[in-house]
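I opened my notebook to go through this structure piece by piece. Here is what I looked up, in the order I looked.

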Amino acid sequence: MQQLLALILLLLATPTPGRAQLIIDGRHVHYDARTNTLLACVPRTLFGTSPVLAVSTSDSLWASVSIAYQDVHDSCYFRKILGGVIYPVVMTDTLGQTFVRNLQFTFLPLVRLHGEIGYDYIDSHLDFTDPSATATTRLTTRVRWRGGTTNAPGKHKRNYKLKLAQDTTLLGMRHDDSWILDAGQADVFRLRNRIAMDLWNDMAPKPYWADREPEARSGVSGRVVEVFLDDEYRGFYNLSENMDRKQLKIRKVNPETGQIRGCLYKGINWDATQMFDSITAYDNTLGRLRGFEVKYPDLQDSDTTDWAPLVEAINVARTSTDEDFAQCVEEYYDLEPIFYYSLFASITNAYDNSGKNMYWAVYDKNIDRRLTPAPWDLDASFGQRWGTVLTGEEDPEVNPIVPESMNDVDVFIFYWLLKTNYKGYNDRLNSRYREMRQPGGLLHTDSLIRRFTDYYELITASGAAQREAGLWSGDSDVKGETIDFNTEYAYICQWIERHMDEIDRHTFPLYFNDAFFGRDSEGIAATTADPSARPGLYDLQGRRVSDTSQFSTLNSQLKPGLYIDGRGRKVVVRKR
């Protein structure tokens, strides 16, 4: 009876075909059941060499292991490790069952997720393998799918949102619990978002509160990793920091008084509101304002948020006369990041990042109410438009290279700065652009191409490009297109050369989208109920500041800025 029980326990503990059970150079090897492939992670310095590496199994249920026709005891000789090279593996368990596998190496970090992941968070864990570390680390996390259009039914290469159990530093990035695995789902190069964000990080100035918060950043860092879901290889991803209050270092809600200080908003869809083309009533108990979503304070953590700084800024940009605009604009907008965003959007041709996929942040509305911009989800850039795969067509309606298809930022504040040439804004854009186009400059053609070259070499040398194409080429996520990194890299290089040459032949602004904007086309829309039925003077938060309709005597009493009278007319109180 005891022998039968022992046999049953042994059978229950016998490794399933899906479990890799191998540890090479101290790190766990992961298994892909679809291709019957084991993937091991080692430092890049070992690629191109022929090392002897430590090999062990994760339990005692394996009787023998053979790799590359060598019986393995505690180490194995690997001849010239390279991406894509296959080493045959034969593993026999204590019951005599034999499993044959194909072993490959990568120098990219590995992330293995676990569980039935869907739209809602689940409690899970992940195995994280850093090639510079000596062992695989297991982290407790909550995980779900993330994204907007990328998260619709029928999508296959999913993006993931991770909430680790505790703040953790991953691959030299920030110390935090919130992380994103960005699939580059509709991008046949997969890494346009990462590369465009790298460019923004290198060219963007610090937000206006950097003297108080020197670590504040309006961009996120990321690293390329390869991802498994249980025993299923999912391709390579951009493991990215999250754009949130902590990244921007805006001030938290006062824990003692509950007073709202920092604010963060995001444009989430194509709507006139997030283009600053209309001004609408708002409700601080709601997390949405038409095309905007509030990101901080989050209504999941607080009963109310504060839309007022955003609405005030929209009112100033949308309804001021040229003179009033010149008087007020620097009180409501952080102009230096806006200046560089104008350049950035033109260079990358980021069509999906004009209003939509833009964050607007306020450090502390009680100290300074200025908005500063931050880009997000930049995959529709560098020749790829709204997730449509481009293959070098000359049609300007398809391939946005020619001037009439070049991108501007369809947000009213950007448009009006260009339209009015505020303080020589356009001249400065032209001058700064020419400076950055010099050899060695951030916007020199060779510098821009080098960014793609570095990532192209990273994914090809590691073998990740081959694995990615083998898994996702022809998928509906990319509209059935073939994923060919060689072809796409060549196309992007050509696109950059032609695009930059075309910009060189023009001056800023490249063009105005006058048809989109019209001064006072809708008039002022009050932030409260119909103001025409209400006497008095109102601030841009819809709060009545006076019962009188005679405002000339109030200039000495009111804070300089823009106000609305009871009939919806603008009233400007100037600086004294």
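This is a predicted model: local features need pLDDT of at least 70, side-chain atom pairs count only at pLDDT 80 or more; totals for chains, interfaces and linings use all residues.

**Entry 1: helix 8**

I started with helix 8, residues 425-436. Its twelve residues reach 16 Å from the first C-alpha to the last, close to the 16 Å expected at 1.5 Å a residue. Which residues of helix 8 are buried? I found Tyr425, Asn426, Leu429, Asn430, Tyr433 and Met436. They cover an arc of only 135° around the axis, which puts them on the same side of helix 8. That pattern made me recall a general rule: an α-helix has 3.6 residues a turn, so residues three or four places apart point the same way.

Next I asked what the buried residues of helix 8 pack against. The list I got is helix 2 (192-203), helix 6 (335-348), helix 7 (412-420) and helix 11 (485-504).

**Entry 2: helix 11**

At 1.5 Å a residue, its 20 residues should span 28 Å, and the end C-alpha atoms are 28 Å apart, which agrees. I wrote down some of its buried residues, among them Phe485, Tyr489, Trp495, His499 and Ile503. Two glutamates, Glu488 and Glu502, are on the buried list as well.

The buried residues of helix 11 pack against helix 2, strand 17, helix 6, helix 8, helix 9 (445-461) and helix 10 (464-472). What caps the N-terminal end of helix 11? Asp484 does, with a side-chain oxygen 3.1 Å from the backbone nitrogen of Asn486.

**Entry 3: strand 15 and its partners**

I moved to strand 15, residues 175-182, which is mostly covered: seven of its eight residues are buried. Strand 14 (residues 159-169) pairs with strand 15 in the antiparallel sense, over six bridges. Thr168 has Asp176 in strand 15 as its bridge partner. The two strands make a hairpin with five residues between them, and Leu171 in the turn has a positive phi of about 55°.

Strand 15 also pairs with strand 17 (residues 232-241), again antiparallel, this time over four bridges. Here I found Ser240 of strand 17 as the bridge partner of Ile180.

I then traced an open sheet of five strands in the order 19-20-18-21-22, with antiparallel pairing. Which strands stand at its edges? They are strand 19 (288-289) and strand 22 (372-375), each with a single partner strand, so one side of each is left without a neighbour in the sheet.

Further in, strand 18 (residues 263-267) and strand 20 (residues 292-296) pair over four antiparallel bridges. Lys266 stands opposite Glu293 in strand 20. Helix 4 (residues 308-319) packs on this sheet, touching strand 18, strand 19, strand 20 and strand 21 (358-362). Its direction makes about 60° with that of strand 18.

Last, I looked up another open sheet, with four strands in the order 2-1-5-8 and antiparallel pairing. Strand 2 (27-28) and strand 8 (75-77) are the edge strands, each pairing on one side only. Three bridges join strand 1 (residues 22-24) to strand 5 (residues 52-57), and Ile24 stands opposite Val55 in strand 5.

Methods
Residues are numbered from 1 along each chain as its sequence is written. Side-chain values use heavy atoms; hydrogens and water are left out. The expected span of a helix is 1.5 Å times one less than its number of residues. Buried means under 20% relative accessible area, exposed over 50%, partly exposed in between (1.4 Å probe, protein chains only). The arc is that of the directions from the helix axis to the C-beta atoms. Contact means heavy atoms within 4.5 Å. Two strands pair if DSSP finds at least two bridges between them. A polar contact is a pair of N or O atoms within 3.5 Å; within protein, one must be able to donate a hydrogen and the other to accept it, and residues adjacent in sequence count only if both atoms are side-chain atoms. Axes are lines fitted to C-alpha atoms, for helices over the stretch in contact, and angles run from 0 to 180 degrees between N-to-C directions.
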